[in-house]
Amino acid sequence: MDTAAKPAESTPHLHAWHEALLARCQGLAPVVTAVAHPCDADSLAGAVEAAELGLIEPILVGPPAKIQAAAAAAGMDIARYRLEPTEHSHAAAAKAVALVRSGVANLLMKGSLHTDELMHEVMAPDIGLRTARRISHAYLLDVPRYPRPLLIGDAAINIAPTLEDKRDIVQNAIDLARILGIETPRVAILSAVETVDPKLQSTLDAAALCKMADRGQIIGGVLDGPLAFDNAIDMGAAAEKGIVSDVAGRADILIVPDLVSGNILAKQLIYLAGADAAGVVLGARVPIILTSRADTRRTRIASCAVAVLMVYHARDAAPLVA
């Protein structure tokens, strides 16, 4: 394994990317959003606050008594919002997905049910929201000591992705980065080392993904890997290892080996490095906003803004890859 290089000195700064996301959404009509089981104060507040900012027009799907109780607990008036009654969380997930599939809603938002429960309905054959792409999650992070936003995939959906899965995870992330204004995203395929080691599968996958990009199986970005985390985000660390690369030291996208490593990385940057965050599920018929009780208001709103921009982009342009 490599010896850690000394991190380059940098000054913490704010990129105001949260405000920039909201600014890009100004003037856009709210997107009708099926909110599955918003039955606690936090999840309901996320939908209502996004609606008050003009980002979404929520359809609240779930048991009416529980939704009303959550509204009362949060001191919110939800009389203006459409309510689709269901008996329980499983029915709420199915109904919310059906609203999207029928075209009534153009976004799907997770409420207080478990992610697995919602994604089970999203992934259901014939009646779910699957496409030819593998569904994956991307974090968008604004890290104070890094000069540009970072996308991390996949830290929430794919537990142990195969090479084929990783191809779609990479392409999904590239497509999102381009929607957000990064014309040619630099993609670092992460491992523990920067050389190919037959005993370390993540290095073999990284090398294969880079060759797939060379052959046009992944388009729209520049890939390099395997790269250790320090080599991917620090020019000095890359130089010490003699790495000559258009990606090393200035990555826009970090592709992690598996869900555990990605989840740890993203949460370290949020909780220890003070990163602002947004997250969205990609590769389905519509973007999916996954909220959590641990999310801040800024995270909820930024996630909605990213999803709204994706919806409007899809209306104006075909995807890069079917």
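**Close-up 1. Helix 6 passes helix 7 in a right-handed crossing.** A crossing is called right-handed if the near helix is turned clockwise from the far one by less than a right angle, and left-handed if anticlockwise. Helices (H or I, at least four residues) and strands (E, at least two) are DSSP runs, numbered from the N terminus. The model is predicted: local features need pLDDT of at least 70, side-chain atom pairs count only at pLDDT 80 or more, and totals for chains, interfaces and linings use all residues. Residues are numbered from 1 along each chain as its sequence is written, and side-chain values use heavy atoms, with hydrogens and water left out. The axes of helix 6 (residues 163–179) and helix 7 (residues 201–214) come within 10 Å and cross at roughly 55°; axes are lines fitted to C-alpha atoms, for helices over the stretch in contact, and angles run from 0 to 180 degrees between N-to-C directions. Helix 6 and helix 7 are therefore oblique to each other (angles under 35 degrees count as roughly parallel, over 145 as roughly antiparallel, 65 to 115 as roughly perpendicular and the rest as oblique). From helix 6, Leu163, Lys166, Arg167 and Val170 meet Ser202, Asp205, Ala208, Leu209 and Met212 of helix 7, where contact means heavy atoms within 4.5 Å. By class, this contact of helix 6 with helix 7 has five nonpolar, one polar and three charged residues (Ala, Val, Leu, Ile, Met, Phe, Trp, Tyr, Cys and Pro count as nonpolar, Asp, Glu, Lys and Arg as charged, and the others, Gly among them, as polar).

**Close-up 2. Helix 1 and helix 11 form a left-handed crossing.** Helix 1 (residues 17–25) and helix 11 (residues 297–316) pack at an angle of about 40°, their axes lying 9 Å apart. Helix 1 contributes Trp17, His18, Glu19, Leu21, Leu22, Arg24 and Cys25 to the contact, and helix 11 contributes Arg298, Ile301, Ala302, Ala305, Val306, Val308 and Leu309. Ten nonpolar, one polar and three charged residues make up the contact of helix 1 with helix 11. Ala20 also lies in helix 1 and is partly exposed, with a relative accessible area of 41% (buried means under 20% relative accessible area, exposed over 50%, partly exposed in between, with a 1.4 Å probe and protein chains only).

**Close-up 3. Strand 7 pairs with strand 8 in the parallel sense.** Two strands pair if DSSP finds at least two bridges between them; strand 7 and strand 8 (residues 222–227) have four. Val187 has Leu223 of strand 8 as its bridge partner. Four of the five residues of strand 7 (residues 186–190) are buried, so this strand is largely enclosed by the rest of the structure.

**Close-up 4. Strand 4 pairs in the parallel sense with strand 1 and with strand 11.** Four bridges join strand 4 to strand 1 (residues 31–36), with Thr33 opposite Leu107. Two bridges join strand 4 to strand 11 (residues 288–289), with Leu108 opposite Ile288. In strand 4 (residues 107–110), Leu107 and Met109 point one way and Leu108 and Lys110 the other way, and all are buried.

**Close-up 5. Leu118 of helix 5 (residues 115–122) is buried.** Its relative accessible area is 0%. Apart from neighbours within four places in sequence, Leu118 is in contact with Ala36, Ala93, Leu108, Lys110, Leu113, Ile288 and Leu290.
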